[in-house]
Amino acid sequence: MDAREGGQLEKLPEILRQLRAENPATLVFIEATEDALLRRFSETRRPHPLGHDRPVMEGLRRESVLMASIRKLADVVIDTTKFNVHELRQFITRRFQKTDHHPMMVSVVSFGYRYGIPADAD
């Protein structure tokens, strides 16, 4: 979930409460410093999703305000400022991997029906 959800953000506390009543769940909030986020947006040359035609910093500040209540609900807050994507993946895998369970492997294959179903599809 991110700040683009708009009004749906307000529903999260109730949805989370209902989910936790039936299943164990952990809410993870992922963040980074403003400087790191500015650098990342600059490197990708993408506008901030909430900034539209405004500077990236305005979008970041608006997002921070919108997400503050969700951050307070989080069980775990992960600061990704010093992580690259590979380090973040390793960190999350180590942090949430259950040692008493065998991991499930998921394979995703993209194909077009007009070319036929892949031979190894089940």
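A: Terms before numbers: buried means under 20% relative accessible area, exposed over 50%, and partly exposed in between (1.4 Å probe, protein chains only). By that rule, 19% of the 122 residues of the protein are buried. This is a predicted model: local features need pLDDT of at least 70, side-chain atom pairs count only at pLDDT 80 or more, and totals for chains, interfaces and linings use all residues. Residues are numbered from 1 along each chain as its sequence is written, and side-chain values use heavy atoms, with hydrogens and water left out.

Q: What order do the elements run in from the N terminus?
A: The order is α-β-α-α-β-α. Helices (H or I, at least four residues) and strands (E, at least two) are DSSP runs, numbered from the N terminus.

Q: How many salt bridges by this rule?
A: Five. The rule asks for a side-chain nitrogen of Lys or Arg within 4 Å of a carboxyl oxygen of Asp or Glu.

Q: Which side chain does Asp75 meet in a salt bridge?
A: Arg20, at 2.2 Å, N to O. Asp75 sits in the loop between helix H3 (56–73) and strand S2 (76–79) and Arg20 in helix H1 (residues 12–22), so the pair ties together parts 55 residues apart in sequence.
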